[in-house]
Amino acid sequence: MLVHDTALIFGRHARQTLRSRFAMLFGVLTPLLYLLLFGPLLTGLPLGARGTSWQVLVPGLLLQLSLFGGAFAGFSVIVEKNLGIVERMRVTPVSRLALLLGRVLRDALVLLLQAVLLVLAALVMGLRAPLAGVLAGFAFVALLALSLASLSYALALRVRTPQEFGPVVNALTMPSMLLSGLMLPMTLAPGWLDVLSHLMPLRYPVDAVRDAYTGSYTTAPMLHGVLVTLALVASAVTVGTRAFRRAGA
């Protein structure tokens with residue numbers, strides 16, 4: 001029943017996404033602009049990390065997709081909640097976990113498609129990375145999308161309007177982007193800022209994907225990235241499921 005219910009919810013939201021293809025394309029626009037306008041500025045600069053400037057920048061942009069795409073996913077459920085759609089779904093026998101999984105799987109798929117477009121553009125501009133590393137990057141994009149979208153939906157079910165939701169998400173995503181080293185490795189930061197960044201869970205998958213793009217798959221950053229990401233997914237899905245269970249109760 002869980003698989004059946006999840007497929008129903010996923011199909012409903014996937015059809016909504018297919019009716020708004022421009023939203024999918026514009027979702028990848030900001031990372032593409034960073035790639036096109038910021039990437040050439042890093043060429044030849046000492047970035048304090050292994051690999052070329054593209055192997056440093058592209059992994060950060062991939063996870064930036066997950067961060068912003070997942071964090072702002074909750075806007076849609078605010079609209080559905082205010083229209084009574086969430087409450088009508090809750091009175092059906094559909095699994096509460098399926099109400100969440102159907103949505104976050106759609107979000108993960110959309111972000112994966114955008115990640116593929118981003119990597120293809122980066123390859124044209126000069127990125128060279130092993131296939132296994134690129135696939136590992138896609139896996140981290142999907143897992144982070146699942147976790148961040150789950151937390152976003154949980155938050156959206158607690159607030160009443162998009163005007164309340166937006167500032168909270170902005171206040172959380174901006175420090176996450178800056179302290180995780182998405183744009184530049186934290187090895188370039190002062191010592192105190194580097195230490196502070198280790199408290200940011202997103203730093204570990206960022207370091208892991210950068211290692212994967214240089215062909216390193218058995219290093220400590222990769223292990224830490226996998227463990228932190230899996231823990232984040234498990235906790236976020238639990239929080240999101242409880243939020244759907246309590247919504248409107």
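The protein carries 19 positive and 8 negative side chains, and the centres of the two sets are 6 Å apart. Lys and Arg count as positive and Asp and Glu as negative, with His and the chain ends not counted; each charge is placed at NZ of Lys, CZ of Arg, CG of Asp or CD of Glu. This is a predicted model, in which local features need pLDDT of at least 70, side-chain atom pairs count only at pLDDT 80 or more, and totals for chains, interfaces and linings use all residues. Residues are numbered from 1 along each chain as its sequence is written, and side-chain values use heavy atoms, without hydrogens and water.

**Fold**
- The protein contains 12 helices and 0 strands, taken as DSSP runs (H or I, at least four residues, for helices; E, at least two, for strands) numbered from the N terminus.
- Its C-alpha trace spans about 60 × 35 × 35 Å along the principal axes.

**Burial and contacts**
- Of the 249 residues, 48% count as buried, meaning under 20% relative accessible area with a 1.4 Å probe and protein chains only.
- Residues 24 or more positions apart supply 80% of the contacts (heavy atoms within 4.5 Å) with a separation of 6 or more.

**Nonpolar core**
- In the largest nonpolar core, which has 67 residues, Val58, Leu62, Leu63, Tyr153 and Tyr213 touch the most other members.
- Helix α8 (residues 131–156) provides the largest share of this core, 13 residues.
- Such a core is a set of buried Ala, Val, Leu, Ile, Met, Phe, Trp, Tyr and Cys residues joined through side-chain atoms within 4.5 Å.
- Beyond its neighbours within four places in sequence, Tyr153 contacts residues including Ala73, Leu100, Arg103, Asp107 and Phe244.

Methods:
Buried means under 20% relative accessible area, exposed over 50%, partly exposed in between (1.4 Å probe, protein chains only).
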